[in-house]
Amino acid sequence: MKEKAGIVDTLEERQPYITRKQEKGQTIPLACDNNSLAGAISQRACVYSGARVVLNPVTDAVHLVHGPIGCAGYTWDIRGAKSSGIETNRSSFSTDMKEIDVIFGGEKKLSNAIDELVGLYHPPVIFVYSTCIVGIIGDDLEAICNTASQNHNIPVLPVKSEGFKGNKSDGYKAACDALKKLIKIPPKEVAGEKKPEVSPEVRNPKINILGDFNVAGDVWLIKPLFEQMGTEVIVSMTGDSTAKSISRAAEADLNLVQCSGSMTYLAKWMQKEYGIPYLSASFFGIEDISLALRKTAEYFGSEEMKKKAEEILETGTNRIMPEISRVRERVKGKRAAIYMGGPAKALTLIKGFAELGMEVVIIGTQTGQKEDYEQISYSVRNGTVIVDDANPLELAELLVKQKADLMVAGVKERFIAYKLGIAFCDFNHDRVVEFEGFDGFVNFAREVDASINSPVWKAVRQRTLKPEAMELKRAAVKERISGEPHAKEYKDMEDMAVEPEFLHPKLDAAAENQVLERPQDDEMELCNRKPLYHVPAYGKRPCFQGY
Amino acid sequence: MGSALAFKGIENTMVLYHGSQGCSTYMRLHLAHHFREPVDIASSSLSEKGAVYGGRENLKKGLRNVINRYNPKVIGVATTCLAETIGDDVPAIIREFKEEEGIGDDPEKDIIIISVSTPSYGESHVSGYIKALEAVVRKFAENQGEERAIKIPNGKLNLIPVESLSPADVREIKEILEATAGNFIFLPDISETFDAPLRDDLPKIAPGGTSISEIADMPNSRASLGLGIVSKNLALEYLEGYYGVPGHSVPIPIGLSNTDNFFTELVNIFGCPIPDKYQAERGRLLDAMVDVHKYLYGVKAAVYGDPDLVFSLTTFMLELGMHPVLVATGSKSRDFGMKIRQIFKEIRPELEPVVLDGIDFDSLNDAVSDCNPDILIGNSNGRYIAKARDIPLVRVGLPIHDRVGAQRILTVGYKGSLELLDRITNTILEATDTFTAPVQAEPAAYASQGTEEECME
């Protein structure tokens, strides 16, 4: 029999991509940021998909996919990004290339499609996505878009997202490149130095929120917080944005970057080009919301704004704390697995789970970089498995070995968890409730509670009906209800009857011990970690309790 | 009405209501709406004269005409309020009638006339159903006369529900029994009589139903299995008391644990293994329960209907993580509240439902206002409440007259539970779906823009 070397049984070439949390100061021995291994069933998508998810929330744009129908069809209205007005983005336009177009070129078809769409929709901007086949046959997208722009007097922007050109991150870049062209040079009176140190009292400072896609209306819970603080939010990219609001982005004094994977590139460019600095932020979980507001107020250096921020945080926290505490009582101590597209969400989720009293036992991303994984490694406890570009078989084995109670990921991972009898929470684009902001965190907590505490998990522990077990169980239930004398017997019996057979992978005892090992030092360290922010006097701090 | 539901599940049987004409007409209307089948129920058509001087002649005439026109093998005579109150001695009239007509007691060649006392002011249709079944079993057992003492074990299992199941449910249970136990007698079998295929001719009495020889054979069975645990199963008790046929009762097999119980009981009685097919169906139900658990978690439901149906539905909802805030039945039943509370205690002791029995739809409406459920689960009569409160209604039970397919609604077994689960979930999704059609800019705006551009050119 082949000897098992790594944490899970997988392809040898995949082993370097799976590791455990490292001691402080040690570099993380995790391979990442590479192309996916053929045949390994990566959970990642392609360059085109990366570009599509980033750009598609631009509400009034026509999103035209130059390629065969599949590329547009499978990505039609898949992201629950909400719009407060026009929803042209929810239609999926395609040039529907056929065999004959592949042979003779699709340029003509594309320019006809653009003409037709302009006539029908009069959009302020058209994004033209290129797909694998376009890259191969060499249609000159740029030239066609230039001509169309001139003809119709609107920006027609090529998104160079040929699927094979890299991985999803390259798609983000392609999308940012298109956005760059949409951002106009700000008018003179607004432009200039953006350094608050020079002019600390910036009147009505303006900010952009980068990397929030308004899934289920997230942005609508965040924007008011910043507006109450006295800042003007020019645009959130790209959730609920319009061609016009994006074009004004360079007027901002500060960029807040949430989805770092997709938007850091754009933020860096804006810093270089327009001198707009950026801060990374997250709007999920009480700790991160607080951090985001305080950092922003701190940046602008206004005392009034700082006061305002504290007020907002206090009211918000007080409002949701009773519900969060209630859920916390029901879910604390449960073990969570995180598998996300980008590292920013994964990191903020670690804190979110801590606020609910839960611990993270598996964490992975599709597109994390070395530095991201180092940060992740620092944020989690000993024994936590860290994985890059995982595949379903690895995830399944990890979920069982790490004894996860809940997984947070996207649809593709959902059913892995379900089949293993593990609760699940969708933090991807097809969720329908907001998770950001104060109310969003309540939604998240409730969803975690609903999934973990559903009685169906008890039911699925016995996968086949064994009449003998039923008899015992019934007798035991009767006992339990008539009095408690045989409570212990009932418990034994339940253990016997309900332990799912297949959830006993052939682990050797050593591996099992390793999994269960939870060194105390590190937990203490997390517990004693100096709070990153001032703790207001209201209620109990949610995130450091219970360690 | 309950008695008609029972009698209609027996082969070649006609029903006659001893009372005024309306009693049969309204019952026929009710059942025809629900099953969408012709429902012939005769009446002794008592008039004022009959009411004053007694209904003897009318009943005899009615019986005679039914025999002439329909030529049934069995006639079920159920009494109505009028007949009961004026004090007609129905068994005596029937005895007289049989003597006059020269009808003997030989089940082979004679028409069997079974009477049952079912005035509406007595109890609900559930008790009418139970009483009629008992009367049927008793009649056939007694008719065997001297042979009664000699039991010839037939190795069969009697299956007797306490509430009328849908034709689809009956078919499913029969299929399960065929796959596991083999020999059984299902009484009453409405799977054909109330869900008949379209034929070349219109038979006077719909074919199908439990055969008379089978009913006569019931005392010889190795055991009886009752479906339903809230209401007393009189037929089952009779067979146990008089003929020593051991009787077991399980809840109507809706939901995971109830169906598990049903199969466990079958295994206990017959010592047969559970066929792979049903293990797979069970697995599929589990899979579906997991798939939808978040949509259902904490959804507040009001369940109402016949006591045992409500009991099984409530169990299932608790297993799914739903929150039945209101559990109600129109039947008066002492055991109902006790059994419902017991099942809450077993599965979700922290929940405190409102449990009501013997209520009408006005009280149900008030209770729904108090409990504020997200969804109603029950028969069509709750539709006014659902509409007024703008909450969805999942139709189960009887009557379902404002939708089609009542006779095909399957709720029992793993398969039926799965179908019910899908229906409940989709109803909730439909009600909570946030999908909206994309907002497009006004076409008029384009038009004006177009002309502007043209002008500019």
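What is the mean pLDDT of chain A, and what percentage of its residues reach 70 or more? The mean pLDDT of chain A is 83, with 83% of the residues of chain A at 70 or more, where pLDDT is the predictor's confidence in each residue, from 0 to 100. The model is predicted, so that local features need a pLDDT of at least 70 and side-chain atom pairs count only at pLDDT 80 or more, while totals for chains, interfaces and linings use all residues. Residues are numbered from 1 along each chain as its sequence is written, and chains are lettered from A and ligands numbered from 1 in the order in which they are written.

**View 1. The stretch 484-547 of chain A.** Over residues 484-547 of chain A the pLDDT is below 50.

**View 2. The side of chain A that touches chain B.** Contacts between the chains involve 25 residues of chain A and 32 residues of chain B. Helix H17 (437-452), helix H18 (456-460) and helix H19 (467-482) of chain A are the elements that give two or more residues to this side of chain A, and H19(A) gives the most, with five residues. Helices (H or I, at least four residues) and strands (E, at least two) are DSSP runs, numbered from the N terminus. By class, this side of chain A has 13 nonpolar, seven polar and five charged residues; Ala, Val, Leu, Ile, Met, Phe, Trp, Tyr, Cys and Pro count as nonpolar, Asp, Glu, Lys and Arg as charged, and the others, Gly among them, as polar.

**View 3. Domain 1 against domain 2 in chain A.** Chain A is divided into domain 1 (47-182), domain 2 (206-316) and domain 3 (463-499), with bounds that come from an automatic or database domain assignment. The C-alpha centres of domain 1 and domain 2 of chain A lie 28 Å apart, and their contact takes 22 residues from domain 1 and 20 residues from domain 2. On the domain 1 side, helix H1 (47-55) and helix H7 (168-182) of chain A each supply at least two residues, H7(A) giving the most, with seven.

**View 4. An open sheet in chain B.** Four strands of chain B form this sheet in the order E6-E5-E7-E8, with parallel pairing; two strands pair if DSSP finds at least two bridges between them. Strand E6 (184-186) and strand E8 (247-250) of chain B stand at the edges, each with a single partner strand, so one side of each is left without a neighbour in the sheet. Neighbouring strands are turned by 20° against each other on average, direction ignored. Strand E7 (residues 223-227) of chain B is joined to E8(B) by four bridges, and B:Ser224 has B:Gly247 in E8(B) as its bridge partner. Helix H10 (residues 234-243) of chain B packs on the sheet, touching strand E5 (157-161), E7 and E8 of chain B, and its direction makes about 155° with that of E8(B); axes are lines fitted to C-alpha atoms, for helices over the stretch in contact, and angles run from 0 to 180 degrees between N-to-C directions.

**View 5. The loop at B:Gly87.** B:Gly87 lies in the loop between helix H5 (81-86) and helix H6 (90-101) of chain B. B:Gly87 is exposed, with 8 other C-beta atoms within 10 Å; a residue is buried if 20 or more other C-beta atoms, placed from the backbone, lie within 10 Å of its own, exposed if 12 or fewer, and partly exposed in between.

How values were computed: Two residues are in contact if their C-beta atoms, placed from the backbone, lie within 7 Å.
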